[in-house]
Amino acid sequence: MLSSSSSSSATTSSSSSSFPLPSSGGLGHGSNLRADANQALQQLTGKPESFLSDAQFNVLESLLARGKDTLLLTPTGWGKSMLLLLLPILEPGLVTVVVVPLVALKDDIARRARVGNVIVHVWDSSFQLSNFHRMKGQLLLVSVEELDIASLDKLLDVLRWEHMLARVLIEEGH
């Protein structure tokens, strides 16, 4: 889980996108995660001088670890949303579901994803469960304000069954 609040320091515990990675094209195939993550960040931001801090890289490693829960408490502007956008780039073929407390935050993350060429699906009343096959390597953003637990539970079951679910994150837990 990823949760955030306004504390003064970072604390952690234990689509195919259009971002070609320099090594084997994905995580867990002998790739250099730090180099791949920094290259993806640079492409995402359009800034060749962009690099993950050690703390951000440690969180990214924790988020990518299978079967490991992560709690992240950081101040606003620390880079949580950027980490969310890196996940589908680093794990093509898998879906990251992000639950956010407000429609406005969902829309802001979706906008940043689109600007960075990260494919994002936004859960709303028009979302069709049958669309899950088009969700590989992407983000699915769900607002608590629009949450239909039964339908989301069905989608998570399908994604698990198809081995497409990478993780479910709670952003800005209040």
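Axes are lines fitted to C-alpha atoms, for helices over the stretch in contact, and the angles between them run from 0 to 180 degrees between N-to-C directions. The legends below describe close-up views of a predicted model.

**Figure 1. Packing of helix H3 against helix H4 in the predicted model.** The axes of H3 and H4 cross at roughly 55° and come within 10 Å. H3 is therefore oblique to H4. The crossing of H3 past H4 is right-handed. On the H3 side the contact is formed by Ser81, Leu84 and Leu85, and on the H4 side by Ile109, Arg112 and Ala113. By class, the residues of this contact comprise four nonpolar, one polar and one charged.

**Figure 2. Packing of helix H1 against helix H3.** H1 spans residues 33-45 and H3 spans residues 80-90; the two helices pack with their axes 10 Å apart, at an angle of about 115°. Angles of 65 to 115 degrees count as roughly perpendicular, and H1 and H3 are therefore roughly perpendicular to each other. Their crossing is right-handed. H1 contributes Leu33, Asp36, Ala37, Ala40, Leu41, Leu44 and Thr45 to the contact, where they meet Met82, Leu85, Leu86, Ile89 and Leu90 of H3. Ten nonpolar residues, one polar residue and one charged residue make up the contact of H1 with H3.

**Figure 3. The largest pocket and its lining.** The volume of this pocket is about 420 Å³. Its lining consists of 24 residues, and those nearest the centre of the pocket are Gly79, Lys80, Ser81, Met82 and Arg112. H1, H3 and helix H4 (103-115) are the elements that each give two or more residues to the lining. Classified by residue type, the lining of the largest pocket holds ten nonpolar, eight polar and six charged residues.

Figure 4. Helix H2 (54-64) and strand S6 (165-170) are the elements that give two or more residues to the lining. The most is given by S6, which supplies five residues. The lining of the second largest pocket divides into seven nonpolar, three polar and four charged residues.

Technical notes: Residues numbered from 1 in each chain as written. Predicted model: local features only at pLDDT ≥ 70, side-chain atom pairs only at ≥ 80, totals over all residues. Heavy atoms only, no water. Helix = DSSP H or I, 4+ residues; strand = E, 2+ residues; numbered from the N terminus. Parallel < 35°, antiparallel > 145°, perpendicular 65-115°, else oblique. Left-handed = near helix turned anticlockwise from the far one by under 90°. Contact = heavy atoms within 4.5 Å. Nonpolar A, V, L, I, M, F, W, Y, C, P; charged D, E, K, R; others polar. 1 Å grid on protein atoms, 1.4 Å probe; cavity = no way out; pocket = protein on both sides within 12 Å on 5 of 7 lines; lining within 4 Å. Points joined across faces, edges and corners; volume = space filled by probe spheres on them.
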